[in-house]
Amino acid sequence: MKKRVIFAAALTLTVCAGWSFSKLFTTESKLSELQIENVEALAQSEGGSGGYIDPNDRYGYEFVYCYKNNQIVGGHCEEGGHPESICNVKKNFGKCN
């Protein structure tokens with residue numbers, strides 16, 4: 001009799017665990033249309049790069065050439081450009097003092 005009670009308790013526990021796991025993996029996330037539009041707006045790139053955001057881009061910076069004796073000796077991104085301007089640090093070259 002004691003074995004049957006233990007078996008019934010174990011069976012009940014197993015069924016409950018299986019049901020909760022099946023509920024966990026079949027629950028769908030319901031998003032409102034406003035939430036979906038917000039996610040889509042955040043996913044779009046403002047720079048027009050087709051959705052790809054380059055980590056080397058610096059917003060609000062502009063590319064400036066460095067001169068020595070009226071010759072270009074380098075270039076770098078410098079802060080102070082238009083807030084919507086973008087400078088890619090991959091373009092940096094030479095030595096600017």
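Y65 is partly exposed, with a relative accessible area of 42% (buried means under 20%, exposed over 50% and partly exposed in between, with a 1.4 Å probe and protein chains only). The model is predicted: local features need pLDDT of at least 70, side-chain atom pairs count only at pLDDT 80 or more, and totals for chains, interfaces and linings use all residues. Residues are numbered from 1 along each chain as its sequence is written, and side-chain values use heavy atoms, leaving out hydrogens and water.

Y65 belongs to strand β2 (residues 61-68); strands are DSSP runs of E of at least two residues, numbered from the N terminus.

β2 and β3 run antiparallel, joined by 8 bridges; pairing requires at least two DSSP bridges. K68 stands opposite Q71 of β3. The hairpin has 2 residues between the strands, and N69 takes a positive phi near 55° there. β3 also runs antiparallel to β5 (residues 93-94), through 2 bridges. Here G75 stands opposite F93.

E79 is found in β3 (residues 71-79). E79 is exposed, at 59% relative accessible area. Beyond neighbours within four places in sequence, E79 is in contact (heavy atoms within 4.5 Å) with G60 and Y61. The C-alpha atoms of E79 and Y59 are separated by 8.8 Å, at 20 residues apart along the chain.

Key
Helices (H or I, at least four residues) and strands (E, at least two) are DSSP runs, numbered from the N terminus.
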